[in-house]
Amino acid sequence: DCSICAAGMYSGVSGLATCVDCVAGKYLTDDATATEFHDDESDCSLCDAGHHTNSSAGAANCNGCSAGKYSENPVVEEADCIICDSGKYSLEEGSTGCLDCPAGTFLQDAATDKGFHDQESDCVVCSHGKYASAPASPVCSDCAVGKYLEDNAFNRTQHDSEEDCIICATGKYAAATGTSACTICGSGTYLVDLATDASLHDEETDC
């Protein structure tokens, strides 16, 4: 008796002893229920964007690109899926694009390891004295001299704007960029500016 082709296979001509596999990158889900689903190569469908068949011919379904990777188009194998770039991540299998790390965080890895891009917690809050005002930042920027930012990678909303960097208070200065605290003017000196102008707090001689 003639049998209907199994999932992932078709027979485009009469009299074949075996069915033909759909090529890698295509799939056919029907499992021998009706000849009309297996009588032409066109019955094999391309995987959706972000999906692949692991280089296997005769696939019944497609697999999603791993979390931390994406593909804007159908691909043949997992290796064709692209690791998210710096400042980005993807949570779901089968992603067609990556999500931006939010402002106030950074993700430095530049597409070398999907494990650094597969969850939002891979986006790291900037450390003290630093901020990231734009989403998808690969690094954080230093607060300018004369300013400080005390929070140390705890609350990203305290690192999402240059305005989070605070001008040193009266009697203090910050001669280095990216500082967590200002330095007190030495004994016998003073600094009267009430945190209005960072340039009046950016070196010890301001005291």
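Predicted model: local features only at pLDDT ≥ 70, side-chain atom pairs only at ≥ 80, totals over all residues.

User: What makes Tyr 190 exposed or buried?

Analyst: Exposed means over 50% relative accessible area. Tyr 190 has 62%, so Tyr 190 is exposed.

User: Why is the contact between Glu 78 and Lys 69 called a salt bridge?

Analyst: The rule asks for a side-chain nitrogen of Lys or Arg within 4 Å of a carboxyl oxygen of Asp or Glu. For Glu 78 and Lys 69 the N to O distance is 3.5 Å, so the pair counts as a salt bridge.

User: How do you know whether these two residues are buried or exposed?

Analyst: Buried means under 20% relative accessible area. Glu 78 has 17% and Lys 69 has 11%, so each of them counts as buried.

User: What makes Lys 147 and Glu 162 a salt bridge, and which parts does the pair tie together?

Analyst: Their side chains meet at 2.8 Å, N to O, and the cut-off is 4 Å. Lys 147 lies in strand E15 (residues 147-148) and Glu 162 in the loop between E15 and strand E16 (166-167), so the pair ties together parts that are 15 residues apart in sequence.

User: Which label does each of these two get, buried or partly exposed?

Analyst: Lys 147, at 15%, is under 20% and therefore buried. Glu 162, at 30%, falls between 20% and 50%, so Glu 162 is partly exposed.

Methods: Residues numbered from 1 in each chain as written. Heavy atoms only, no water. Buried < 20%, exposed > 50% of the residue type's maximum accessible area, 1.4 Å probe, protein only. Helix = DSSP H or I, 4+ residues; strand = E, 2+ residues; numbered from the N terminus.
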